[in-house]
Amino acid sequence: MAVKSARETELYHQLTRALEKYKGKSGVLIAALQEAQQIFGYLPRQVMIHVANELTIPLAEVYSVVSFYSLFSTVPVGLHRLEVCMGTACYVRGAEKLLQGLQDKLGLKPGEVSADGRFSIATTRCTGACGAAPVIKVGDELYGGMNEEGLDRLIKELKQ
Amino acid sequence: MTTLLEELEQERIRPETEHRLLLCGGIPCTSLGCKKVKEALEEELQAQGAAGEVPLEVVGCIGDCSMGPAVIVYPEGIIYQKLKPEDARTIVREHIVNGRVVESLLHRDPQSKEILRRREQLPFYRGQTRLVLRNCGVISPHIDEYLKYRGYAALARALAELTPEQVIEEVKISGLRGRGGGGFPTGRKWEMMRASPGDEKFIICNADEGDPGAFMDRNILEGDPHSVIEGMIIAGYATGARQGYIYVRAEYPIAVRRSQEAIAQAREKKFLGENILEKGFSFNIEIRIGAGAFVCGEETALISSIHGTRGDPNPRPPFPAQKGLWGKPTLINNVETLANIPLIVLHGGSRFAELGLEGASGTKVFALAGKINHTGLVEVPLGTPLRTIIFDIGGGIPGNKKFKAAQTGGPSGGCLGPEHLDLPVDYQSLQEAGSMIGSGGLIIMDEDTCMVDIARFYMDFIQDESCGKCTPCRIGTKRMLEILEKITAGKGEEKDLETLQQLALLLKNGSLCGLGRSAPNPVLSTLHRFREEYLAHIRDHTCPAGVCRSLTRLRIIEDKCRSCGICARICPAAAISGARGKPYVIDPEKCSDCLRCLEECPFDAISRGGERVAAPMD
């Protein structure tokens with residue numbers, strides 16, 4: 001195992017403290033993993049092992065849950081994660097073209113992170129903002145009525 | 001005799017003379033820039049010295065998302081739509097300070113040119129019967145507001161005047177059926193749950209609205225969370241449960257937050273907790289947040305997910321009412337179903353049953369979206385014709401395009417065509433037409449939508465979301481998707497259609513849960529209704545709607561081309577050539593199909609689709 005940096009060590013301490021409240025309880029794995037992902041941004045293998053050890057749950061079970069739910073990521077994500085909504089309303093209003101435009105503009109494919117670590121692209125399931133389709137989600141913020149110009153504005157805004 | 005709706009309107013009228021601003025805080029409005037409008041309103045109120053006196057409340061979705069951001073000014077109830085920050089300042093200066101309605105910002109009916117001032121006058125709202133959405137966009141989601149509109153009065157009535165059996169009887173009389181997709185009679189479900197032996201029982205509110213294109217549960221939880229909580233407490237009282245869970249998807253952060261706040265407020269006012277209203281009944285609610293899995297809307301999978309494991313479904317029986325959460329009897333109702341409960345208990349099941357049809361009483365909220373002028377939530381009595389919803393309320397199809405299909409029920413449903421426009425929308429009629437109401441997603445498609453591509457889109461979604469537990473669904477969806485991809489790529493054969501039908505039958509009969517059993521529906525309904533379009537892809541190697549990229553190519557329409565040369569200059573593949581005075585041409589060999597010319601042409605002289613192209617080579 002690679003030596004942890006000081007920052008990493010701090011994050012693991014934070015995780016250990018966060019997991020304290022879940023110990024000995026049933027039905028808590030998803031919530032525990034959601035919190036772990038919030039701390040680390042994603043769930044690398046080492047974090048899954050840490051959760052498994054702390055909660056005395058087999059690693060296989062932890063992995064089975066992580067790999068099942070689409071909101072868990074085992075690969076790093078950018079500081080700004082731009083998610084194109086792929087719900088039906090967004091799809092019929094041109095979400096695919098939006099995704100392509102985003103890829104061209106950022107030079108990234110879904111699942112990749114830009115060299116400076118600032119951007120990554122993904123698709124997301126319906127965000128329920130169908131009235132403003134097509135929609136892009138960045139963190140908890142939604143941007144509706146998206147088009148080519150909107151993308152340019154959004155990227156410029158995020159780069160600042 | 002007054003109708004239930006009129007009765008509700010009466011309750012709603014409260015003496016008010018002071019100005020008050022309601023700003024739509026629904027998700028689409030937020031995503032269309034309602035924050036900047038809010039800032040402008042606040043700044044201007046401050047500048048005019050009215051900041052403390054005129055309340056500005058951010059409410060849940062007002063309704064018509066295509067007209068957002070929107071603001072309603074009380075006491076007159078004037079609605080201003082599609083606001084920009086400078087408009088917001090004008091409203092404060094003119095309307096609030098000088099008392100002059102800003103006519104130039106009011107909605108003007110496109111046909112009659114008549115100016116419509118109040119929300120109820122707008123065609124989008126005029127045609128609706130907003131019972132479940134009675135509070136959405138009208139009051140802020142805070143409990144104090146809810147209480148002003150007889151909030152928790154139904155709970156008080158149930159605890160003080162009715163036995164649990166009588167509550168169930170009222171729900172049975174109302175004829176309410178599940179609004180989440182199954183359509184099972186709610187009263188009977190409650191009765192089974194009450195009869196199920198056990199000292200510990202649970203209520204789950206299913207807010208895992210995974211159907212892409214449905215957003216009513218989100219808006220109800222964001223705009224009127226207390227109606228759902230009140231419904232849950234009453235359900236607990238009627239069925240003998242003391243603990244409830246709201247299982248809400250993580251994609252809805254605001255719904256999660258509003259539900260959490262609402263639970264805390266209800267607890268503080270003692271509507272939740274021990275000995276509610278001192279009638280000896282105790283009930284608590286906790287929130288469980290999903291992690292992104294469509295199958296978790298299925299009740300046995302949802303229970304697995306609350307257990308903290310993979311959301312795998314389980315065979316039924318045993319039904320959750322017998323053996324559900326932690327092995328105990330569990331009642332699972334959808335958000336919209338529960339939001340109906342306070343109305344039924346307060347006004348009586350028979351009043352509720354007056355609305356809608358025999359066997360399908362009450363209203364249904366539809367999430368209208370796609371190629372339609374007015375998008376948003378539409379609540380109408382069950383049995384309302386599709387035409388009323390799409391054309392009278394939704395304002396028809398944008399850009400004078402032709403209506404092609406209405407997709408209902410999401411990935412489990414099907415498509416209705418123009419021949420169904422006069423169909424009364426209810427559980428049975430849609431099923432007979434090869435679709436279903438489902439959770440109420442209603443996506444409108446026009447002539448530019450390819451139905452084969454839509455079938456592929458849904459199969460792609462379902463294949464991705466299949467949990468993998470049972471073989472028919474795990475492998476069947478994959479095989480069906482491969483065939484659909486083959487057809488949309490122009491490599492389909494006629495025998496593929498037969499294989500699709502066979503696989504569909506296999507999935508319907510062999511899958512473990514509803515996800516797999518209903519997965520072939522979008523394919524079957526498009527195959528049935530739009531078979532010609534499948535055949536055009538297979539026989540003629542063309543996509544009539546111009547969507548499937550392998551089957552379309554860009555071309556310049558000679559009559560429209562003015563030889564301006566813009567397309568040739570911007571083409572990154574140098575595929576366009578021409579000279580002044582003559583129409584330009586695109587060299588298909590060089591064209592990379594980037595569509596830049598299509599977007600930039602000032603004369604709309606470039607099109608794709610409809611054109612027969614040679615079969616792609618393997």
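Start by selecting Ser518(B): apart from its neighbours within four places in sequence, Ser518(B) is in contact with Pro411(B) and Ser412(B), where contact means heavy atoms within 4.5 Å. Before you go on, know that this is a predicted model, in which local features need pLDDT of at least 70, side-chain atom pairs count only at pLDDT 80 or more, and totals for chains, interfaces and linings use all residues. Residues are numbered from 1 along each chain as its sequence is written, chains are lettered from A and ligands numbered from 1 in the order in which they are written, and side-chain values use heavy atoms, with hydrogens and water left out.

Stay with Ser518(B) for a moment. You'll find Ser518(B) in helix α21 (residues 514–518) of chain B; helices (H or I, at least four residues) and strands (E, at least two) are DSSP runs, numbered from the N terminus. Is Ser518(B) buried or exposed? It has 11% relative accessibility, so it counts as buried; buried means under 20% relative accessible area, exposed over 50%, and partly exposed in between (1.4 Å probe, protein chains only). Now show the side chains: Ser518(B) makes a polar contact with Ser412(B) at 3.1 Å. A polar contact is a pair of N or O atoms within 3.5 Å; within protein, one must be able to donate a hydrogen and the other to accept it, and residues adjacent in sequence count only if both atoms are side-chain atoms.

Next, colour chain A by secondary structure. There are 7 helices and 4 strands, running α-α-α-α-β-α-α-β-β-β-α from the N terminus. Its C-alpha atoms fill a box of roughly 50 × 30 × 20 Å along the principal axes. Of the 160 residues in chain A, 51% count as buried.

Now bring chain B back and look at where the two chains meet. Here 37 residues of chain A are in contact with 52 residues of chain B. About 3,500 Å² is buried between chain A and chain B, with carbon and sulfur atoms giving 57%; buried area is the accessible area (1.4 Å probe) that two parts lose on being put together, summed over both. Which residues of chain A lose the most area to chain B? Select Phe68(A), Thr88(A) and Arg125(A), which together make up 20% of what that side buries.

A salt bridge is a side-chain nitrogen of Lys or Arg within 4 Å of a carboxyl oxygen of Asp or Glu, and the interface of chain A and chain B has 4 of them. The interface also has 20 residue pairs in polar contact (both at pLDDT 80 or more).

On to the rings. Phe68(A) turns up again here, forming one aromatic cluster with Tyr69(A) and Phe72(A). Rings of Phe, Tyr and Trp (its six-membered ring) pair if their centres lie within 6.5 Å; planes under 30 degrees apart count as stacked, over 60 as edge-to-face and the rest as tilted. There are 13 aromatic pairs over all chains. Zoom in on Tyr69(A) and Phe72(A): the ring centres are 6.3 Å apart and the planes at 85°, so this pair is edge-to-face. Both Tyr69(A) and Phe72(A) are buried.

For a last stop, select Arg177(B) and Tyr427(B). The charged end of Arg177(B) sits over the ring of Tyr427(B), 4.1 Å from its centre; the rule asks for NZ of Lys or CZ of Arg within 6 Å of the ring centre and within 35 degrees of the ring normal.
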